[in-house]
Structure formats: structure tokens, C-alpha cells
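Me: I've got a model open here and I'd like to go through it piece by piece. Can you take my questions as they come?

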Amino acid sequence: MGREHCWKGQFIYILIACLALMLSGCAVFDQPVGKAAQEEKKQIEKSSQEEKKPIESEEELRAKAAIRHLATAKRLLEQGDPDSSIKESLKALNLAGKNSPGDEALFNIGIAHIHPKNTKKDYDRSIAVFSRMIKEYPQSQLIEQARTWIDLLRVIEKLKKVDIVIEEKKKELSK
């Protein structure tokens, strides 16, 4: 009624099954055995992770330090301490050099010179700092703000001179 199964066909299936078992069994032998072997595996994994982690260059480290000083400078300015803010901004500027966040450091210095709590307001110095920022960082996103501050400070200076002239005229007329 049906054909007899030949042994050769069954042999191939048995051979494939044995190969599959052997290959899956080999994976078990790959695993470390014992506590020492597990620690060795952890050491190998740790060293391979360290190799993947890029080493920071000196420039990157300086940029990160500059960012920290700038954050401190901004916080000090918000707290109403423009002198300390200028000092921190100068540290950030020295670390950043011609790179970012040097532009932000200069901008912060310019703002600190005219801050309402600055007892030694200096509009001319602020204008000079903003002008330097524009010159040294032509691609900065703060350029338009710096230009606006320069224009505003120049108008304030002109108004001060006009006020002085008006006061002098008043004195002359009252004599």
C-alpha cells in the first residue's frame, strides 16, 4: 500500500538534528564558569566599553569649563552682583578664546557694565565690549542684540550731554 521508508532519508534528518544539537550545545561552553571567570568577563566588557568612550580633548575640556564659568557669571548677574559676574565672564572668555562661548562671555560683560545694580556704570566700556564681540565673533547669534545695545547706549550718552547743556542754560538764565 504505501512505499517503504528508506533508511537513507531518515539518516539525513537524524544528522541535521544532531548538528543542530551540537551547535546549540557549543554556545553553552562559551559561557564563563565560576566566579573568577565571571569577573574576567566583566573586566573584558568594562575595558571594551572604555575603548568605545572617546577621550575628551583639551579644547573640549576648556569649553566645558568656560560654560561652567559663564553659567556662574549669569547667575551672579541675576543676583545683582555685576563685579563678580564680570570676573567669572572673564574666566570664561580666557578659557574659550575665539570659540564659543566667548561671544556670550563678552556679551555678559557688556551687560554687567550697565547693570542697574552696578555702582560704576560705564556706558563707553560697555559699547567697547559689544563692539569687540561683533568684531571677534561675526557669526554669533548675539550680534543683533549687541548692535541694539550699542545704539541705545549712544542715544543715552547723547541725552546725558543734552541734559548737561540744558542745566547750564538754566543756570545762566537764573543769574
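Me: Which helix does His-113 lie in?

Reply: Quick background before that: this is a predicted model, where local features need pLDDT of at least 70, side-chain atom pairs count only at pLDDT 80 or more, and totals for chains, interfaces and linings use all residues. Residues are numbered from 1 along each chain as its sequence is written, and side-chain values use heavy atoms, with hydrogens and water left out. Helices here are DSSP runs of H or I with at least four residues, strands are E runs of at least two, and both are numbered from the N terminus. On that basis, residues 102–113 form the helix that holds His-113, namely H5.

Me: Is His-113 buried or exposed?

Reply: The cut-offs go by relative accessible area: buried is under 20%, exposed is over 50%, and partly exposed is in between (1.4 Å probe, protein chains only). His-113 has a relative accessibility of 9%, so it counts as buried.

Me: Which residues does His-113 touch, not counting those up to four places away in sequence?

Reply: A contact means heavy atoms within 4.5 Å. With residues up to four places away in sequence not counted, His-113 touches Ile-86, Asn-118, Lys-120, Lys-121, Asp-122, Arg-125, Ser-126 and Val-129.

Me: How many of the 12 residues of H5 are buried?

Reply: The buried ones include Gly-102, Leu-106, Phe-107, Ile-109 and His-113. They pack against H3, H4 (82–96), H6 (123–136) and H7 (143–174). H5 is mostly covered, and the count of buried residues is 11 of 12.

Me: How far apart are the end C-alpha atoms of H5?

Reply: The expected span of a helix is 1.5 Å times one less than its number of residues. For the 12 residues of H5 that should give 16 Å, which agrees with the end C-alpha separation of 17 Å.

Me: What is the peptide bond from Ser-100 to Pro-101, cis or trans?

Reply: Pro-101 sits in the loop between H4 and H5. Most peptide bonds are trans. The one from Ser-100 to Pro-101 has omega near 10 degrees, and that bond is cis.

Me: Over to H3. Why does Leu-70 count as buried?

Reply: Leu-70 is in H3, which runs over residues 58–78. Not counting residues up to four places away in sequence, Leu-70 touches Ser-89, Ala-92, Pro-101, Glu-104, Ala-105 and Asn-108. Leu-70 is buried because its relative accessible area is 4%.

Me: What arc do the buried residues of H3 cover around the axis?

Reply: The buried residues in H3 are Ala-65, Ala-66, Leu-70, Ala-73, Leu-76 and Leu-77. They lie on the same side of H3, because their arc (taken from the directions from the helix axis to the C-beta atoms) is only 145 degrees.

Me: Which exposed residues does the face of H3 turned away from its buried side carry?

Reply: The buried residues of H3 pack against H4 and H5. The face turned away from that buried side carries the exposed Arg-68 and Glu-78.

Me: At what angle do H3 and H5 pack?

Reply: Two packed helices are described by the angle between their axes and the distance between the axes. Axes are lines fitted to C-alpha atoms, for helices over the stretch in contact, and angles run from 0 to 180 degrees between N-to-C directions. The axes of H3 and H5 are 10 Å apart, and the packing angle is about 20 degrees.

Me: Which residues of H3 and H5 make the contact?

Reply: From H5, the contact uses Glu-104, Ala-105, Asn-108, Ile-111 and Ala-112. The H3 side brings Leu-70, Ala-73, Lys-74 and Leu-77.

Me: Which helices do the buried residues of H6 pack against?

Reply: Tyr-123, Ser-126, Ile-127, Val-129, Phe-130, Met-133 and Ile-134 are the buried residues of H6. They cover an arc of only 165 degrees, so they are on the same side of H6. The face turned away from the buried side carries the exposed Asp-124 and Lys-135. The buried residues of H6 pack against H5 and H7.

Me: Last one: how many helices does the protein have?

Reply: Along the sequence the pattern reads α-α-α-α-α-α-α. Of the 175 residues, 25% count as buried. With zero strands, the secondary structure comes to seven helices.
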